[in-house]
Amino acid sequence: MDYGGFSKDGKEFIINRFDTPTPWINYLCNGKYAALISHTGGGYSFFEDPKYQRITRYRYNNVPLDRPGRYIYIRDDGNGEYWSAGWQPVCRAPDAWECRHGLGYTKISSENCGIRSEVTYFVPLDDNLEVWSVCVTNTGKRKRAITMTPYVEFALFDASEEFMFHPNLHYFSTAEYDSRDKAIYYSFYNRKKGYFKRNFSKVYFAVTNREVQGYDCEREAFIGKYRSETDPEVMKTGRHRNSKVIGGNAIGCLSVRFELEPGEEQRAIVVMGVDAYDNRLTPDRILRKYSDENHVARELERVGGYWEGYTSKLSVETPDPVINANINIWNQYQSRTTFDWSRYASLMYNTGTGRGVGFRDTSQDTMGVVHAIAPQVKDKIKLLARNMYEDGHAYHLFYPTVGTGEPKKYSDDHLWMIPAVYSYICETGDHRILDEKAPYIEGSSGTIYEHMARALEYTLSNCGPHGFPRMFYADWNDCLNDIDRKGKGESVWVAMFLCYAAKQMAELAEETGKAKDAGNFMKVYNGMKDKINDIAWDGEWYIRAFTDEGRPVGSKACEEGKIHINTQSWAVLSGVADRERGLKCMDAVKKHLDTDIGIRICRPSYTSGPDDIGSLINYPAGIKENGAIFCHANTWAVIAEAMLGRPDRAFEYYHKLLPAVAAKKIGAETYRVEPYVYCQFLFGPDHPQFGRGSHSWLTGTSAWMFRAFTDWILGVRATLDGLTIDPRLPSSWDGFTMKRLFRGKEYEIKASAGKVTVNGKPIRDGSLAHRRSVPI
């Protein structure tokens with residue numbers, strides 16, 4: 001079944017059915033204020049932090065699905081009929097309906113009973129608020145009297161406490177209508193000693209350019225007894241209660257009226273925002289500013305201009321229009337979203353209540369945006385450094401707003417700091433970052449270089465019986481979390497990742513005149529590389545881990561989980577495998593793990609439940625880490641095949657996981673998730689719903705797929721020496737063009753028939769550099 005497709009220019013995804021398999025969403029944000037919105041207006045808003053500074057409420061795993069949200073009720077005052085501009089929550093079938101998700105905005109259009117409505121939602125670049133710009137048109141032949149009623153349900157600010165303690169906490173709420181500002185103001189108080197003081201004092205909600213005819217601040221007064229958002233009492237009767245809340249369930253709900261001649265259109269501007277610590281204007285002045293329709297139009301244009309500038313830093317033209325739309329627009333847009341919000345908050349998958357900013361996640365996310373926003377990446381690196389301990393390990397998750405983190409030890413988190421910094425320096429040439437200081441969690445300070453060196457030292461000082469890094473709680477595969485319960489379990493993958501990081505540290509040390517350090521880092525690299533090849537090579541592929549008892553995981557001696565993808569791809573990425581073993585282990589991936597729609601994370605899936613593997617055995621076969629197609633891990637297989645000089649296989653792995661390609665091949669009803677952004681995993685072939693997607697938007701797949709294609713398939717990648725150009729194109733292609741901003745200069749790179757030109761001039765050595773990069 002077809003639910004939509006891309007606009008001709010690829011900048012919008014147009015949804016033409018409101019009953020999508022799951023809510024298909026967009027992120028509207030400016031880095032502080034965030035509004036998650038589905039194609040029917042569902043979702044919620046928060047300021048800086050979805051756990052501690054939640055603005056509006058959302059009910060996860062709810063029936064009906066995807067409620068509440070940003071709703072526009074429209075009522076015909078002539079006959080009392082009413083409906084929703086976005087279909088939800090009234091769910092009356094419209095005569096026409098469409099949603100367009102674009103970069104920084106969502107537009108929902110519908111027509112009911114001769115009234116056309118168009119609602120454009122966006123978050124301005126510089127103000128901590130969201131705008132709902134509404135246009136209502138009478139498409140009929142008679143005059144109409146229409147009432148429009150925007151509605152939101154306010155959260156109790158602390159989203160996790162709301163889940164647990166709502167019966168008491170909702171009595172901390174107050175909401176009332178201010179007749180002077182013509183706005184509803186909502187506040188939530190918690191004067192408990194030591195309680196986190198949030199970065200805003202209150203929320204405001206208003207229709208800025210029209211006279212308010214009625215309002216309600218109490219949910220029960222608007223909806224009525226034993227009813228829902230589908231059939232509110234006030235919409236049925238047409239009479240507001242003009243209620244306020246002094247302890248209770250607070251909402252924002254205002255009605256305005258339109259008198260529409262045939263063919264006439266009128267507009268309303270709905271604004272919701274926070275009175276934040278860094279606001280330049282008071283709420284009343286902000287509301288006056290956003291009462292001007294021209295100002296609202298200019299702000300929306302600025303949002304469009306921002307994204308146009310952002311995506312113009314790197315663009316490609318290839319023979320495949322789906323790839324062009326993905327790389328030029330949606331992959332970059334998704335990568336920026338993951339950079340801003342890590343794995344913090346989504347509608348269906350990450351509630352924003354228990355998970356903070358991931359150290360590992362954010363480190364990788366920087367690599368998907370550094371070409372476009374290097375200064376922000378530098379700031380994020382410093383933030384990561386502040387969440388490391390003096391001994392070199394790091395918080396697994398942290399909460400920047402409140403300054404706390406999760407101390408549980410993972411074996412890989414801290415090491416991701418190294419490729420994040422390395423990638424930043426390759427892109428910018430800014431070696432000075434290595435000398436900048438950042439505090440540790442305990443309070444002392446060290447340079448960024450020292451943070452990175454301590455990360456390596458921490459891993460080296462915590463090895464198991466075979467000399468491989470201890471697994472600790474887990475590594476990148478969070479569900480291998482019973483390997484190291486007794487302090488002897490080891491991760492072969494982390495050993496490979498250590499090699500990868502040590503080699504990058506050696507390059508940085510050499511580049512900055514630290515020859516002794518460079519030598520020491522290469523000793524680490526070579527020593528661990530030899531150990532992996534001596535102990536962890538299983539004949540056709542590399543072992544994944546060793547348990548406390550020394551039992552191999554990911555070996556042909558295992559009945560289940562004989563082969564895992566990561567130690568094959570990373571054997572190549574890290575340089576641990578020589579060419580013969582690299583080809584052999586990646587051939588094993590093709591033979592044992594590949595499917596028509598992607599590569600499984602491991603095989604066979606676990607069904608017997610050995611007690612020294614981890615929580616992945618709790619998942620049915622084919623779901624998540626237990627035999628699913630983990631898209632993030634597939635990215636490294638793409639890179640590995642390109643590095644091995646097998647471009648057709650690299651392209652095959654890349655192309656079949658393109659969201660639009662996967663959705664079409666699998667079918668939207670099975671695929672379920674948005675066909676314009678990557679998801680975390682697809683159900684594997686051991687599951688009856690093979691191909692079902694899950695955990696879309698916030699996934700490391702986005703940054704790594706972007707880098708896999710631009711750096712390794714097109715072969716245009718930043719190195720310490722400069723911009724290296726080494727295309728690994730599929731045999732079906734005759735070339736490509738890339739426009740790229742690099743270290744302040746614009747380059748147009750064209751590859752065709754084995755020849756490469758840069759700004760019209762042929763190059764021979766494949767590098768825009770002082771010296772040619774050393775191949776990995």
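**Second largest pocket**

I sorted the lining of the second largest pocket by class and found twelve nonpolar, 16 polar and eleven charged residues, where Ala, Val, Leu, Ile, Met, Phe, Trp, Tyr, Cys and Pro count as nonpolar, Asp, Glu, Lys and Arg as charged, and the others, Gly among them, as polar. I note that this is a predicted model, in which local features need pLDDT of at least 70 and side-chain atom pairs count only at pLDDT 80 or more, while totals for chains, interfaces and linings use all residues. Residues are numbered from 1 along each chain as its sequence is written, and side-chain values use heavy atoms, with hydrogens and water left out.

I then looked up the volume of the second largest pocket, which is about 760 Å³. A pocket here is an open set of points on a 1 Å grid over the protein atoms alone, where a 1.4 Å probe fits and protein lies on both sides within 12 Å along at least five of seven lines, and lining residues have an atom within 4 Å of a point; the volume is the space filled by probe spheres set on the points, which are joined across faces, edges and corners. Its lining has 39 residues, of which Asn350, Arg355, Lys624, Gln680 and His695 are the closest to the centre. The elements giving two or more residues to this lining are α7 (359–365), β32 (679–682) and β33 (693–696), with helices (H or I, at least four residues) and strands (E, at least two) taken as DSSP runs numbered from the N terminus.

For Met417 I listed the contacts (heavy atoms within 4.5 Å): leaving out residues up to four places away in sequence, Met417 touches Phe359, Ser363, Ile381, Leu384, Ala385, Met388, Ile448 and Met452.

**Salt bridges**

I searched the whole structure for salt bridges (a side-chain nitrogen of Lys or Arg within 4 Å of a carboxyl oxygen of Asp or Glu) and found 56.

Asp76 pairs with Arg144, with the closest N and O atoms 2.8 Å apart. This pair links distant parts of the chain, since Asp76 is in strand β6 (residues 71–76) and Arg144 in strand β12 (residues 144–153), 68 residues apart. Asp76 is buried at 4% relative accessible area, and Arg144 is buried at 5%, where buried means under 20%, exposed over 50% and partly exposed in between (1.4 Å probe, protein chains only).

Arg360 and Asp478 meet in a salt bridge at 3.0 Å, N to O. Arg360 belongs to helix α7, and Asp478 to the loop between α10 (448–460) and β26 (490–491), 118 residues apart. Here Arg360 is buried, at 4%, whereas Asp478 is partly exposed, at 24%.

Asp475 forms a salt bridge with Arg544, the closest N and O atoms being 2.8 Å apart. Asp475 is buried at 0% relative accessible area, and Arg544 is buried at 2%.
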